[in-house]
Amino acid sequence: MASYKDEDFADLISQETEYDWDDLKEDLPGYPAAVLIDIMTELGLYVNKKLAQEIAKKDDAVFYLRKLLQDGKHWRDNGPGRGWSPIHAIHILALIRTKESFELLVDIIRYHEDDLNDWITEDVASLLVAFGKDFIEPLKEFTEDETLEPFARSTAASALVALGKKFPEHQNDIKQHLITLLGTTQDGTFAGLVADDLASFHDPSVMPDIHRAFEDGIIDDPFVKEDELEEVINGVFSDMDEEDFKRNTKDPLNHFSRENIEHLHLINYEEEDEEEFDYEDSSDIDDENFESEVMSSLQKKEKIGRNDPCPCGSGKKYKKCCMGKEKS
């Protein structure tokens, strides 16, 4: 990496692509949306805030972003932009913040959950929250769709929770909506996720509804424990809850920051600076500890999804076990 840190990361663009940012940037405002989106695709990962904002300004940006998002080749790692252009596109939709861009984003969540993978649980809720309180009702409608996969629906439910905390005048209405979902859903995994979202309000008045969901067998997710939710309501895990709120209310433009692009570059295209586990020097490690040493080494190199099994071996999902504890 270069020693200077310009926020447009001209050095990264020059190093990783065929573009010279200093030559490109002055002409961007004059380019139509279709050309800007082609440039975004050719840059791959290395799209900065300036380009993202220029695309978002164009009146016909959603039309061309839709064309990109509906073209399956853009979602492939070996396709145009190495699979990054759809990820950039959904963040730009959240910068545009119109009804048209919201509906397109919701369609992508609905039909491309597998393609979005970890982005569903890590970033997508914040993109929905970015549209603001005027989109609470459409989000509620999305969470009511029983044909959706549970984590796609839960993304919208988590967005509603963040909006409820951000706009307290809507909080009671959102709580009641989640309580209704909890009592009517036929999906046990989704019910567990909704109960988790309800608990994050730290409101003891919702606990009878959560207890009822367990008693009626509505929640059948083995990772969701009744006593743990009660502890959440009582504030035991409030620090992690605060981290969830920060993540779900972050500015979509931060996706295009130098810090985030460097992070994504590191975990996708560079080996970590951590020292690799030396198999040749493992003779002094007994069999019982050998596997844990290997796993520890691998975990330093792998990006763990929030809903992946926790690498500690507890059987719980990562977000319900060790996520966040590595820094403590």
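Let's start with a serine. The side chain of S101 reaches the backbone oxygen of L93, at 3.2 Å. One caution before I go on: this is a predicted model.

A polar atom of the S101 side chain lies 3.3 Å from the backbone nitrogen of R97. So where does S101 sit? In helix 7, which covers residues 99–111.

Is S101 buried or exposed? Its relative accessibility is 0%, and the cut-off for buried is under 20%, so S101 counts as buried.

What surrounds S101? Set aside the neighbours within four places in sequence. Then S101 is in contact with V62, L93, I96 and F131. Keep I96 in mind. I96 comes back in a helix pair.

Next, that pair. Two packed helices are described by the angle between their axes and the distance between the axes. Here the pair is helix 4, residues 49–57, and helix 6, residues 85–96. The angle is about 60°. The axes are 9 Å apart. Angles from 65 to 115 degrees would count as roughly perpendicular; this pair is therefore oblique. The crossing is right-handed.

Which residues make the contact? From helix 4, we have A52, I55 and A56. From helix 6, we have I92, L95 and I96. By class, that is six nonpolar residues, with no polar and no charged ones.

Now put the two parts together. I96 belongs to the helix 6 side of that contact. I96 is also in contact with S101, and S101 lies in helix 7. That's the picture. Over to you.

Terms used
Residues are numbered from 1 along each chain as its sequence is written. This is a predicted model: local features need pLDDT of at least 70, side-chain atom pairs count only at pLDDT 80 or more; totals for chains, interfaces and linings use all residues. Side-chain values use heavy atoms; hydrogens and water are left out. Axes are lines fitted to C-alpha atoms, for helices over the stretch in contact, and angles run from 0 to 180 degrees between N-to-C directions. Helices (H or I, at least four residues) and strands (E, at least two) are DSSP runs, numbered from the N terminus. Angles under 35 degrees count as roughly parallel, over 145 as roughly antiparallel, 65 to 115 as roughly perpendicular and the rest as oblique. A crossing is left-handed if the near helix is turned anticlockwise from the far one by less than a right angle, and right-handed if clockwise. Contact means heavy atoms within 4.5 Å. Ala, Val, Leu, Ile, Met, Phe, Trp, Tyr, Cys and Pro count as nonpolar, Asp, Glu, Lys and Arg as charged, and the others, Gly among them, as polar. Buried means under 20% relative accessible area, exposed over 50%, partly exposed in between (1.4 Å probe, protein chains only). A polar contact is a pair of N or O atoms within 3.5 Å; within protein, one must be able to donate a hydrogen and the other to accept it, and residues adjacent in sequence count only if both atoms are side-chain atoms.
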